[in-house]
Each structure stands twice: as C-alpha cells, then as structure tokens.
Amino acid sequence: MHHKFEFEYDLLDDSNQLSVVDQELLQAAIKATETAYAPYSNFKVGAAARLSSNAIIIGSNQESTSFPVGICAERALLNSVGSQFPLEKIQTIAISYEPLGKPSIEPISPCGMCRQSLLDYENRFKAPIKIIMAGKSGKVMVVQSAMNLLPFGFDGSILL
Ligand code: THU
C-alpha cells in the first residue's frame, strides 16, 4: 500500500508575528551566535531553549581542528540543558545564524543528526518541542514538533 507523509509548518513574514516570549527566545538565539567557535566554516549558529521553568538556555556551534569532532549549536544546546537541567522539559527552541560576509535573512533548519537529537529529547520527556528557525531578519519558519522534521526517525524505545 502506498503512504504519504505530510507535515505542517508556519512561515511568518517576520519575527514581529511571533509572540513576545518567542521573539525574546529568537533574540537569544541570534545573540548566542556570538558565542560560536567557527573559525573553519565561518558559519556561526546560535540556538536558545525555553525550559518549562521559562528560563532561557543557549548553545552555539563549537568546531574542532579535527572537523567531524565539532558540534552543532542544537546539540551543544541539548547537551547543556540535559546536563544542567535534567528534569526540565524544553518548550521551544529557536535557531539562528551569522555567516561571515553573507546575509542572514532566510531560516535555516537543523541537520539530520540534530533532528534525531531533538526527537530523542521530545521522546524522553514525552512533550513536543516547538522549533523556530530564522535568520537575523526576514521570514521565520515554525514547526510544532521535532517529529515534523524527521519522518521515520529512530525510535529508541526499541532499545529499552
Ligand atoms: N551547524 C549548526 O551548528 N547547526 C545547523 O543546523 C547546521 C550546521 C554548524 C556546524 C558547523 O560548525 C557549521 O555550522 C557549518 O556547517
């Protein structure tokens, strides 16, 4: 039998169309690009999570001289939240970027590895994570769950 996978997302003309709390989170992600260590790609990525307590935690990409050892902003963020606030759910994550010498006016979406990590985090807490993706300005993309970004993501419950 043939099946079809569809997912929903919102595309906003600009960040003013986000709620005030989500605008604040996106600003935190934009600011977090300043903490990125990206001397090899010159592509600084910032991510910010709003926890169930409403606290905002940030992460950024941290590159390595041995390139594959570097970590994306999204997984740096999840590792930080998981280590420092292991009992708290993540409500929302915002992701932005600052590329050297290029505009940051389109949304970027997480790489495949980060999508798996985001999905793992959702499954761990049994709560969807809203994901906001945007440049420093311009259109903003929003999905209501990491599930929307990774059809057929590996479901680790089979390991338990
Ligand atoms: N990167 C992220 O941090 N997040 C993404 O969603 C895509 C890529 C980083 C990895 C690397 O340091 C640089 O951006 C260029 O790929």
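Which side chain has an N or O atom 2.9 Å from an oxygen atom of the ligand? That side chain belongs to Asn61, in a predicted model where local features need pLDDT of at least 70, side-chain atom pairs count only at pLDDT 80 or more, and totals for chains, interfaces and linings use all residues. Residues are numbered from 1 along each chain as its sequence is written, and side-chain values use heavy atoms, with hydrogens and water left out.

| Residue | Part of the residue | Distance to a ligand oxygen atom |
|---|---|---|
| Asn61 | side chain | 2.9 Å |
| Ala73 | backbone | 2.8 Å |
| Glu74 | side chain | 2.6 Å |

Of the 370 Å² of accessible area that the ligand has on its own, the protein covers 74% (Shrake-Rupley method, 1.4 Å probe). The shell around the ligand, counting residues with a heavy atom within 4 Å of it, includes Ser41, Phe43, Cys72 and Pro110. Two or more residues of this shell come from each of β2 (43-51) and α2 (73-84), elements defined as DSSP runs, with helices (H or I) of at least four residues and strands (E) of at least two.

Elsewhere, Tyr40 and Phe67 form a tilted aromatic pair, 5.2 Å centre to centre with 40° between the planes (ring centres within 6.5 Å; planes under 30 degrees apart are stacked, over 60 edge-to-face, the rest tilted). Tyr40 lies in the loop between α1 (20-32) and β2, and Phe67 in the loop between β3 (56-60) and α2, so the pair ties together parts 27 residues apart in sequence.

Definitions and conventions:
A polar contact is a pair of N or O atoms within 3.5 Å; within protein, one must be able to donate a hydrogen and the other to accept it, and residues adjacent in sequence count only if both atoms are side-chain atoms. Rings of Phe, Tyr and Trp (its six-membered ring) pair if their centres lie within 6.5 Å; planes under 30 degrees apart count as stacked, over 60 as edge-to-face and the rest as tilted.
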